[in-house]
Amino acid sequence: MDFSAVSILCVGDVMLDRFLYGSMERISPEAPVPVLLLDKRREMAGGAGNVASNVTALGGRAILVGLVGNDEAGGLLRSALAARPNVVDATVSTTSRPTICKTRFIAAHQQVVRTDEESRLPLQASEAADLCAALEARIEGVQAVVVSDYGKGVCSPQVLETVFRAAKARNIPVFVDPKSPDYRLYCGATCITPNARELAEASGLPVETEAMVEAAARKVMADAEADAILATRSEKGMMLVQRNGAVVSIPTRAREVFDVSGAGDTVIATMALAVGSGLSFEQAMRVANAAAGVVVGKLGTATADIQEVLHELDEQSGPDEAPHLLPLAAARAQVQRWQARGLKVGFTNGCFDILHPGHVSLLAEARAACDRLVVALNTDASISRLKGPERPVNTLDSRARVMAAVRYVDAVVAFEEDTPLETIKALMPDVLIKGADYKPEDVVGVDVVTAAGGRLVLADLAQGHSTTSTIGRIRGA
């Protein structure tokens, strides 16, 4: 999963997130409130700025458009943006309002109080004109746009109209994190990402069950003429409702939650990156769910890097979620995720028509030689060409289901050709495993694997077992 070629235009309310850390040791004699002894402070970009930070943490490039005041907080915000690699600061300076600043006081890993500094002045005509000019100048060449509406003024009808018009002219998807309950303001959005409370408020409908969420999502989707609604439901996970696709719901993984600050920013940043890179909405949702799972386990406005997300995806994958037979592209992506974590991936192949103790012995030795094992199965047509028209005894689907259930096996793929050479080239495993009845020079793909720094393992075979002899005994019975 590589987002390095993806650029996201992030538009919306930019703010400075300030965190003041300390300890509470006594109650003030002036009032019945605790006294916080400060010992550390931290400042970072918040709001749409945190969306940009999430984009770059995941490996993408972010262009940030919003309003920043000419004040101390604005200077700190610009310094925070300058310190983030791959963030392009395209924010607009304003003298009409201060920089939005949220200050959180933290003691014992818990937020004690928050103070907000902001102006409720409506967006001025000069500010809107400057924002629209910045959008027009920066939208060319991006793969997706994120509108981060915190209800602080930037996402005015004029600015939103400019975003949707410019994006539509270039066929660029637009993802909206909504604040207004009137989704007609977001008309032209590709995907809107409300939480359950926002969805209920916008639709005027209950959202307790999945059926209710779907009904509410379809109502607001029609209002916005959107392609999809991604509803985040806290501990209930996420639900994707598409205009022309399946409704998909996925749970969260049970975990200790430290802070949900910025989790919505993480979700929308990940969705935009994933769809911008070519993934489907459903695939993007699964990646976004994993990213959100990472950040809620951190204190404060946090981001998730790509390795943390890949690890979380692995942790979330269970027997019910992992298909028994992976398409080659999915297997390649899985192998790359494992290798990115420093795991050695092994590869072996065969017909495995009737699984017997000899096969199990081979698989056990293969798994001992690596951290993750991929087994490639000949398709039914491939076996018939190799073994004759009466083979295989079991179909590919049956063989794959049995193979995926073997505890030594981490992934199963299939190949149509007579040899697995093209599959090996696609997956590029670290270890190639075959039975000891092969000579090294006769192992298909050994030159490809060793040239890339991998190695060959010839596993000992349990004697007295073969599929052919098993079939012979069955026929003679």
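Tutor: Start with S19 and strand S20 (residues 455-459): they pair in the parallel sense over 5 bridges. Strands here are DSSP runs of E with at least two residues, helices are H or I runs of at least four, and both are numbered from the N terminus; two strands pair if DSSP finds at least two bridges between them. Keep in mind that this is a predicted model, where local features need pLDDT of at least 70 and side-chain atom pairs count only at pLDDT 80 or more, while totals for chains, interfaces and linings use all residues. Residues are numbered from 1 along each chain as its sequence is written, and side-chain values use heavy atoms, with hydrogens and water left out.

Within that pairing, Ile 433 stands opposite Val 457 in S20. S19 also has strand S16 (residues 345-350) as a parallel partner, joined by 2 bridges, and there Gly 346 faces Val 431 of S19. As for cover, 5 of the 5 residues of S19 (residues 431-435) are buried, so the strand is largely enclosed by the rest of the structure. Buried means under 20% relative accessible area, exposed means over 50%, and partly exposed is in between (1.4 Å probe, protein chains only).

Now for the rings. The whole structure holds 3 aromatic pairs, where rings of Phe, Tyr and Trp (its six-membered ring) pair if their centres lie within 6.5 Å; planes under 30 degrees apart are stacked, over 60 edge-to-face, and the rest tilted. One of them is Phe 175 with Phe 281: centres 6.4 Å apart and planes at 70°, so edge-to-face. Phe 175 belongs to strand S11 (residues 174-177) and Phe 281 to helix H8 (residues 281-295), so this pair ties together parts 106 residues apart in sequence. Both Phe 175 and Phe 281 are buried. Tyr 183 and Tyr 186 are also edge-to-face, because their ring centres are 5.6 Å apart and their planes at 70°. Tyr 183 is buried at 1% relative accessible area, and Tyr 186, at 0%, counts as buried too.

Charges meet rings as well. The charged end of Lys 40 sits over the ring of Tyr 21, 4.7 Å from its centre, and that of Arg 42 sits over the ring of Phe 19, at 5.4 Å. The test is NZ of Lys or CZ of Arg within 6 Å of the ring centre and within 35 degrees of the ring normal.
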